[in-house]
2 protein chains.
Amino acid sequence: MSEIQSTEDAILTAARKVFSAHGLQGARMQDIADEAGINKALLHYYFRSKEKLFEIIFQEAFSKFAGSAAEMMTSEAPLFEKIDAFIDKYIDILLNNLFLPGFVIAEINNKPERMIDLISSKGLRFDVFERQVAEEVARGNIRAIEGKHLFVSIIALCVFPFAGRPILKSIIFGNESIAYDAFLQERKQEVKRFVIAALRPDNQINEI
Amino acid sequence: MSEIQSTEDAILTAARKVFSAHGLQGARMQDIADEAGINKALLHYYFRSKEKLFEIIFQEAFSKFAGSAAEMMTSEAPLFEKIDAFIDKYIDILLNNLFLPGFVIAEINNKPERMIDLISSKGLRFDVFERQVAEEVARGNIRAIEGKHLFVSIIALCVFPFAGRPILKSIIFGNESIAYDAFLQERKQEVKRFVIAALRPDNQINEI
DNA sequence: GTCTATATTGTGATAGAC
DNA sequence: GTCTATCACAATATAGAC
């Protein structure tokens, strides 16, 4: 949190802002330079090209975006603990990085192969999560559900309100309102309740 | 389904493909021309500018993307019917337009004000859906939940697997696999089960 | 309507002084 | 390390022949 920022940091900060707002193609080196309070030539002095600079920003953004999901996927901690911790941590991250989901989704969709190369997701195994879910189902602790679907659904419930923020804000709250921020704040509690409710065993009623 | 396509239609088809794959900024008029089997000049003859052409494609895409959600929001049909019909219809649309969610989310995030202007969402009222949910809650038919959150959650569960397809495909199934398409096919059933389960009243157990 | 140039502007990137 | 000036090229858009 030092007040004085090195030129390199100033560039990275500016690049984060401009790239996440306009994407790789939409971003202009001039805008990044302006935002950083320097000129274009310096950008190329510190980072060779627009591409190189972008790669750094994207990789960093993707780790933030997917890091805790990867942890929920691979950790050996008890399932319910993992899910609860994930929702807490993840929505906090998104609240502090409102543009993250839109940025990552946009870039991944525009250049899938390229962006997936930038992600070192090698070695991530999904079987831990799947096994844990299967175990809980077998024990009757949760209703029958597949691990893959549960995993995707949990992330969906967390991410989508942020990824679709501009549209949802406008459609649900009307353009004038700022109430959407409050709505996002409530999401943490809401997603937890929703997931827990969705997982309650079917036979609760019949077990009388 | 006529075999012969007018030049105008050929351009629109090509534009759909190129814009949805690369976005407004990433798309090249040359690519659209090549894809349509004509030259750049003709693009400008039929549609004045890249912007104009894009607006047509985006508006069309957005209607597809949000049309049935708007219907779920405003229709006076019974809540459960609406939700069930929405999930069916919506996931069918997405299955037939895999790039739609990524495209719309990307553009909306890159130029929010501009894209929202292109959407004539004026006059769409959210109170119908909210009222219906409140009524079902009051009757004890579903557990306590806010209409806004339920609405966003349903859409999230449907859209996110498509919007995040390239990442999810790679992370959950490993890059080699084509199993993700089967996964998407299952989503319709899965989302229905998930939402219905999540809405079961809390007091089912206590009502013994 | 459709084409081949061509004009024009954007913007990423480099050269070279300080 | 930082700047100004400039290059080189890519991409939208138009002119004008057929």
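**Figure 1. Composition of the protein surface near DNA strand D.** In this predicted model, the surface near DNA strand D comprises 8 nonpolar, 4 polar and 4 charged residues. Helix 3 of chain A provides the largest share of this surface, with 4 residues. Of the atoms of DNA strand D that come within 4 Å of the protein, 66% belong to sugar and phosphate.

Figure 2. Thr7(A) takes part through its side chain, where an N or O atom is 2.9 Å from a phosphate oxygen of DNA strand D.

Figure 3. Two copies of a chain are related by a rotation about an axis and a shift along it. Here, chain B is superposed on chain A by a rotation of 180° with 0.0 Å of shift along the axis, giving an RMSD of 0.0 Å. The copies are therefore related as by a two-fold rotation axis. Because 98% of the interface residues of chain B are also interface residues in chain A, the copies meet through the same surface.

**Figure 4. Surroundings of His149(B).** His149(B) belongs to helix 9 of chain B, which spans residues 147-163. The residue has a relative accessible area of 1%; because this value is under 20%, His149(B) counts as buried. Beyond its neighbours within four places in sequence, His149(B) is in contact with residues of chain A, namely Phe183(A), Glu186(A), Arg187(A) and Glu190(A).

**Figure 5. Phe19 in the largest nonpolar core.** In soluble globular proteins, nonpolar side chains tend to be buried together. The largest nonpolar core of this model holds 144 residues, of which Phe19(A) and Phe19(B) touch the most other members. When residues up to four places away in sequence are not counted, Phe19(A) touches Leu24(A), Ala27(A), Ile32(A), Lys50(A), Leu53(A), Phe54(A), Ile57(A) and Phe103(A).

Definitions and conventions:
Residues numbered from 1 in each chain as written. Chains lettered and ligands numbered in written order. Predicted model: local features only at pLDDT ≥ 70, side-chain atom pairs only at ≥ 80, totals over all residues. Heavy atoms only, no water. Helix = DSSP H or I, 4+ residues; strand = E, 2+ residues; numbered from the N terminus. Buried < 20%, exposed > 50% of the residue type's maximum accessible area, 1.4 Å probe, protein only. Contact = heavy atoms within 4.5 Å. Core = buried A, V, L, I, M, F, W, Y, C linked by side-chain atoms within 4.5 Å. Least-squares fit on C-alpha atoms with pLDDT ≥ 70 in both. Near = heavy atom within 4 Å. Polar contact = N/O pair within 3.5 Å; in protein donor to acceptor, adjacent residues only side chain to side chain. Nonpolar A, V, L, I, M, F, W, Y, C, P; charged D, E, K, R; others polar.
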